[in-house]
Amino acid sequence: MKESIVPAAPMAHHTTPSGEIYPGALNLEPVRAAHQVLHETRDTITADGNTAAALATLQMWRCILFAGFPITPSTKYIETVAAHISQQVGGKKRVKLMEAEHAVADYLVGAAAACRDLIFPTATSSVGLDHMTETTRSLGASGLGNVLLIDVYRATANFPLCIEGDPSDTLAHRDDGFIQIACRGKQQIYDTVIQSPCLGMHHDVMTPVMPGYYGIKDSHRNARLVVEPDREIHAFQDRWIKPCPFPGLVNGDTAFGNCVTSRHFQGFKVSQKRRMDRVLDVLPQISADFERQFGRPGLAFFDAVGFGDDGAADFAVVSLGPDFGTFEAVREEYAKRTRLKVAGIAMRLLTPFPRDAVRKRLERTKAVLVVNQAHHQGRGHLTLDVADALADLTTPPRIVSVFAGIGGADVSEITWEQMLDHGRGALEGRALPPWAVFHEGRQL
Amino acid sequence: MSGYKEIALRDSCFRPGSTLCPGCMESIALQNVGRVSDNGTKTIFTIGTSCAEVSSLAFPNVVAWGRGEGSPDDFAKSFSIIHNVFESAPTLAEAARDVSDMLLEHGALERPIQVIAASGDGGALSIGLRSLLHTIYRQSRITMIVLVNEIFANTGFQYSPATTPFAETSTTPVGAAQMGNPRLPLDYIHLSIAAGAGLVAQVSPAHGKLFVKTIERALACPTTAVVFVPAPCISGWKFDDGETVHLAELGAQCGTYPAFVWEQGKGGSVKDCALEAAERPAVEEFLGLQRRFHHMVQKDPQSGKFAARPGREADVERLKAWTQSNVERLYRLAELR
């Protein structure tokens, strides 16, 4: 073959299982140097959840391109990013406004594959996430852990329409292949977003992350937020995020694609499951490092309250999201009144479900009340996960399943007390229905 | 601009190993696009689900993409390709373009990159019309190749918005109540111009030199360039082996998909297709070579020419009237600046 019209310019390259990589083609130091600092010092501000998530991504030097499409209640994320970038004179970060959520997901694939050492974030919600699904399911298996898809929980398109926050969207996407982490409170949102790429881009994991928080309750309500200096965030992330060992489109001679025939298909799917399982080992390490550096709790499988030193409890609640805070408010008084040891866990890591950790936490309880906040065809997403976690105990605690807060409804103190009374029936040996629905202090 | 012969000797990034049907125009088109893009600039290719994709990226079979026998030492010859869902090729390309440009702007990447996207007409004009038009609208500097075989060939030859009227497809069958496709094709050329494309063309490798030069102009276009490639499908159009290039040329000359090249600010022209029907090959000759039009024409054993089947004269006249309006439309579009 005749040589190309331009003289050859040799460049070192080496082989990887995913194609050839040209390490010298990319040097991200200028990207780091171009980052405009948002916070020089640790500052305390007042912010809503979307702002907390937006600030966290804006402070990362690896986030330079923000694709988005508006959908309530996640819209303020991209608005906040756009507002900050519009103020950065001479800044090189860009907002990319797409025509639909599906386009955002496709764009994330192209961008994340182009450069696997940058982080590509977006935020969506509800049917926006559903609209992305054709591509998120591919993304979940792609090995592109540099995608950060923030899901602001909102009921999916059930009838009637609801723009409030319930986690039916994220729970409907349990099998998309993303690591799913639930947050409650602005600080936890901010801290989780900072840690998420460290987990997703870890070389053992390489799986995109979907941090999430409740729409309206957390996305729109303001609270105190401690923001860290950009340089500290960079130092933390740089300890965990190492250059991707596999080529991207820009620095590679490679092929990415969905089209895999059956024999190799099995191998890819096994690899996907193994990488997801590694999350259970890597997450605690990142969490511990985060706590060492910033003095706040890092990522967790769940938040636990009320368990004694011996780990025992008469009665434990399993739930997630900000309504768990209302349970915490009534827990002590309820325990005093009923003379029961009442404990609870608020799930943080939804996918992969930390089965062993949940079993260990609940193995010394007599009954477990699982509070589901999303529509489910059976006893509830969380109930099934908890039941699976406890299944191989010799004498598993009895599981009581309830639904409350569907459609983002508040789960009031009286509702919590009614649910606890209902669940207490398990300790008394009463027959209970497979599931029950509670709202505004009554069983419906 | 490079010489036609020089381009013909370059390394194509579309290499042996595809499982496309023998005689597939897509294979010829991609080989040529591959040669033109071997121009000293690294190439990223994005591809939506289509015949061209499932037949060329079906790991662990031979991946029919890449330049040279191994990975080249010259970074400019390195080649990357990504496939995602049907409608995604323009958006993937836009993302790769943006990331490359931003890295260049930062000084993190020294060498420029060219980005080419490929879809079928099902992927670009049906399920992916949104992505195609919005990528054009955002003026992303990519070259979009739309391989127009007028059907969803990959899924079994179903109707697409580019299907010629009266053509039989697996979802517009010929029966007592319906004579094949009842719809007129989507005016994708006008749509692309209206959305803001920098270059819009319709040309196949049957017009070899024009095709290669058009791809070269497309790669140099400062905004989105869209090249629709009429791609006779041996299995879906049901024609005889060896007729692909002839059919592509005949279809262009008789007016069903005239060769057309247009650039923003410069206007364009229709090539090798006269405005007057009398000066063009008869549409019946084009129809007669394809069994998807078996219900429309038959060969006259005396003259050896194709003519309307008895009872189908009015339909053939309607098809010819559409063909004439198609040619006139392109002549008018060529005048746009």
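1. Start with Pro73(A), which sits in the loop between β4 (65-68) and α3 (75-87) of chain A. This is a predicted model, and in it the peptide bond leading from Thr72(A) into Pro73(A) is cis, with omega near 5°.

2. Chain A has another cis bond to look at, this one joining Thr351(A) and Pro352(A), with omega about 0°. You'll find Pro352(A) in the loop between β16 (349-351) and α11 (355-362) of chain A.

3. Over in chain B, have a look at Phe166(B): its phi is near 75°, a positive value in a residue that isn't glycine. The residue belongs to the loop between β6 (158-159) and β7 (174-175) of chain B. Is Phe166(B) buried or exposed? It counts as buried, because 23 other C-beta atoms lie within 10 Å and the cut-off for buried is 20 or more.

4. Asp272(B) also has a positive phi without being glycine, here near 60°. Its place is the loop between β12 (267-271) and α11 (283-288) of chain B. Asp272(B) has 14 C-beta neighbours inside 10 Å, so it comes out as partly exposed; that label covers counts between the exposed limit of 12 or fewer and the buried limit of 20 or more.

5. Next, helix α12 (residues 313-334) of chain B. How far apart are its end C-alpha atoms? They are 32 Å apart, and that agrees with the 32 Å that 22 residues should span at 1.5 Å a residue.

6. Buried in α12(B) are Val316(B), Leu319(B), Thr323(B), Asn326(B), Val327(B) and Leu330(B). These cover an arc of only 90° around the axis, so they lie on the same side of α12(B). Turned away from that buried side is a face with the exposed residues Glu313(B), Ala314(B), Glu317(B), Ala321(B), Ser325(B) and Arg332(B).

7. Back to chain A for its domains. The assignment gives domain 1 (35-251 + 261-294) and domain 2 (303-443), and their C-alpha centres lie 29 Å apart. Domain 1 of chain A puts 28 residues into the contact, and domain 2 of chain A puts in 21.

8. Which elements give two or more residues to the side of domain 1 of chain A that touches domain 2 of chain A? They are α6 (168-172), β8 (179-182) and α9 (262-294) of chain A. Of these, α9(A) gives the most, with five residues. By residue type, this side of domain 1 of chain A divides into 14 nonpolar, seven polar and seven charged.

Notes:
Residues numbered from 1 in each chain as written. Chains lettered and ligands numbered in written order. Predicted model: local features only at pLDDT ≥ 70, side-chain atom pairs only at ≥ 80, totals over all residues. Helix = DSSP H or I, 4+ residues; strand = E, 2+ residues; numbered from the N terminus. Expected span 1.5 Å × (residues − 1). Arc of directions from axis to C-beta. Domains from an automatic or database assignment. Contact = placed C-beta atoms within 7 Å. Nonpolar A, V, L, I, M, F, W, Y, C, P; charged D, E, K, R; others polar.
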